[in-house]
Amino acid sequence: MNIGELVADFALPDENGETRRLSEYLKEGPVVLFFYPAAMTSGCTAETCYFRDLAAEFKALGAVRVGISKDRPKRQKMFAEANRLDYPLLSDADGVVAKQMGVRRSVAVGPFVTRRMTFVIGADFRLIDVVHNEVTMTEHADRALKALRDRA
């Protein structure tokens, strides 16, 4: 997906098994939707905890953080509880949204079928920024904050 494109609405279960829609989060403000390959792995834990630690900065900008991976809701809940995450984690077990957003790998790297990417989405469903970095776990949240600040 490219900056300026419209993101299609979707519905996925969260860590509690409740169906959530992108549109419901966008009612609250811009959404920072970040894809991570797998819960309970070191890189994904570092990334999700960094998003957690920047809660006040995202809140000040009116932004909603939402994590998404192929993990099933039960594993997402374990991950959220173990790391005291204060934002929703969505389960894209079948990879439908990952494919829609261009995040699904054509060839899996071990158990990882999803690329580590972050999408900053405006309340109008328009894509504000895209972050793709597989190795620097802090860049996703930092760049999302920068994009939101630049837009404000």
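Student: Before we start, what counts as a contact here?
Tutor: Contact means heavy atoms within 4.5 Å. Keep in mind that this is a predicted model.

Student: Fine. Which residues of H2 meet which residues of H6?
Tutor: Glu47, Tyr50 and Phe51 in H2 meet His140, Ala141 and Asp142 in H6.

Student: What is the make-up of that contact by class?
Tutor: It has 3 nonpolar, 1 polar and 2 charged residues.

Student: And the geometry, at what angle do the axes of H2 and H6 cross?
Tutor: They cross at roughly 35 degrees, and the axes come within 8 Å. H6 covers residues 139-151, while H2 runs over 42-53.

Student: Switching to H4. Which of its residues are buried?
Tutor: In H4, residues 73-82, the buried ones are Pro73, Gln76, Phe79 and Ala80. Seen down the helix axis, they fall within an arc of 120 degrees, so they line one face of H4.

Student: Why would residues three or four places apart point the same way?
Tutor: Because an α-helix has 3.6 residues a turn.

Student: Which residues are exposed on the other side of H4?
Tutor: Lys74, Glu81 and Ala82 are exposed there.

Student: What covers the buried residues?
Tutor: The cover includes helix H2 and three strands: E1 (11-13), E4 (64-69) and E5 (89-91).

Student: What about the residue after H4, is its phi positive or negative?
Tutor: Arg84 follows H4, and its phi is positive, near 50 degrees.

Student: Now the largest nonpolar core. How many residues, and which touch the most other members?
Tutor: This core has 22 residues, and those touching the most other members are Val31, Leu33, Phe35, Met101, Phe119 and Ile121. Elements that give two or more residues to it are helices H1 (22-26) and H5 (96-101), along with strands E3 (31-35), E4, E8 (117-121) and E9 (127-132).

Student: What does Met101 touch?
Tutor: Leaving out residues up to four places away in sequence, Met101 touches Met1, Val7, Leu33, Phe35 and Phe119.

Student: How much of the chain is buried?
Tutor: 51% of the 152 residues count as buried.

Terms used
Residues are numbered from 1 along each chain as its sequence is written. This is a predicted model: local features need pLDDT of at least 70, side-chain atom pairs count only at pLDDT 80 or more; totals for chains, interfaces and linings use all residues. Side-chain values use heavy atoms; hydrogens and water are left out. Buried means under 20% relative accessible area, exposed over 50%, partly exposed in between (1.4 Å probe, protein chains only). Helices (H or I, at least four residues) and strands (E, at least two) are DSSP runs, numbered from the N terminus. The arc is that of the directions from the helix axis to the C-beta atoms. Axes are lines fitted to C-alpha atoms, for helices over the stretch in contact, and angles run from 0 to 180 degrees between N-to-C directions. Ala, Val, Leu, Ile, Met, Phe, Trp, Tyr, Cys and Pro count as nonpolar, Asp, Glu, Lys and Arg as charged, and the others, Gly among them, as polar. A nonpolar core is a set of buried Ala, Val, Leu, Ile, Met, Phe, Trp, Tyr and Cys residues joined through side-chain atoms within 4.5 Å.
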